[in-house]
Amino acid sequence: MVLQRRLFSFILPLIIGMFSPLSGAFAESGVTDQKILLGQSAAFSGPAAQLGIQVNAGAKAYFDSVNEQGGVFGRRIEIIKADDKYEADLAAANTKRLIEKDDVFALFGYVGTPTSNAALPIFTQAGVPFFAPVTGAQSLREPLNRQIFNIRASYFDETEHLVEKLVNVGIKSIAVLYQNDAYGRAGLEGVQRALKKMNVEMVESATVERNSTDVAQAVGKILPKRPAAVIEISAYASSAAYIKEMRKAGYTGQFYNVSFVGSQALADALGKDGEGVVISQVVPFPWSSSSPVVGEYVRLMEKAGVKDQNFSSLEGFIAAKVFVEGLKRAGKDLTRAKLVKALETINNKNYNSGGFDVNFSANNHSGSKFVEMTMITKDKKFLN
């Protein structure tokens, strides 16, 4: 009996340890006592590279600051970057590798509609949180997917705001240049919905291929209609090429873009042709002295050695800040399920990001409807 009791007292702690949720055998993927591992597939090379580079830079500046202060419950936040060149098949392959090989806890800051759509069935089946994709597509919003949390406003929000601004100042002759993929079609649908609501007919539409600057056919289709304004739903390289070719051909109307274009990258690509181009934005003005979150962003970006502010890096910064708030609310015994529940408690009544309202709930994972308009100046800067 004595021997049996001794054996039992020795074995019992081992059994408890084996089935304890805190044991190494049952630890959550991507989480250790020292770190939380995230994965980001985005364009880090190719014609859309600045989008991925800038979003990552903003997020990293915030995560690095948190890490310097001891992390979240002693855990440092690390991001594995995976270059998808803004191509869907590469994004799908990256997503599988990040989840199955790299064993990440969550996916963060994907850039683009076609790439996010390619990842959608993979992370959904794996039950991996997908936080702050840089896309306004409805496919990432409806129906509600509990793994997806959107920080930015939708393309429907952006295009409705944009079209209303145009029509309200008397501009009703509107054409659309859109990227020939899920992103472009999502934006086109938003414009069509907004025009229908305002009882305005679209003058013309034309396409440009993703990661291409071959805009000759689009110019030839839209230019003869002489619309007062062209709304572009594309990335910065193709949008810039289109504006330049239209100007060369004598077009004197106005150009409008949605935020995904990559505002600073577009201004840089356009140079002297950028003056007067309008872009809708889904984050506050990065040069606003009145916004606390912008002040924090500027300070931490400069600390990281990045002196040039832009909308894309600010979006990454805000996303990182909200994500960290979710981690804190999830508690020390972090799991994916706890993170999802914790994020669903964040709203502007109990969380102040510093001037950017975020409202999540169990029935709503689209955190913001913020949209405002900006214009490129002759020196490649912005007015709002």
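Which residues line the second largest cavity? Select Pro47, Ala48, Tyr86, Gln179, Arg210, Asn211, Ser212, Thr213, Ala235, Ala237 and Ser238. A cavity is a set of points, on a 1 Å grid over the protein atoms alone, where a 1.4 Å probe fits but cannot get out; lining residues have an atom within 4 Å of a point.

This is a predicted model: local features need pLDDT of at least 70, side-chain atom pairs count only at pLDDT 80 or more, and totals for chains, interfaces and linings use all residues. Residues are numbered from 1 along each chain as its sequence is written, and side-chain values use heavy atoms, with hydrogens and water left out.

Stay with this lining. It splits into five nonpolar residues, five polar and one charged. (Nonpolar: Ala, Val, Leu, Ile, Met, Phe, Trp, Tyr, Cys and Pro; charged: Asp, Glu, Lys and Arg; polar: the others, Gly among them.) The space inside is about 60 Å³, a volume filled by probe spheres set on the points, which are joined across faces, edges and corners.

Next, the largest cavity, with about 90 Å³ of space. Select Arg152, Ser259, Phe311, Ser312 and Glu315, the closest to its centre of 14 lining residues. Then colour α11 (311–330) and α2 (49–68), the elements that give two or more residues to this lining. α11 gives the most, with three. Helices are DSSP runs (H or I, at least four residues), numbered from the N terminus.

Last, colour by pLDDT, the predictor's confidence in each residue, from 0 to 100. The protein averages 93, and 93% of the residues score at least 70. Over residues 6–26 the pLDDT is below 50.

Methods: Contact means heavy atoms within 4.5 Å. On a 1 Å grid over the protein atoms alone, a cavity is a set of points where a 1.4 Å probe fits but cannot get out, and a pocket is an open set with protein on both sides within 12 Å along at least five of seven lines; lining residues have an atom within 4 Å of a point.
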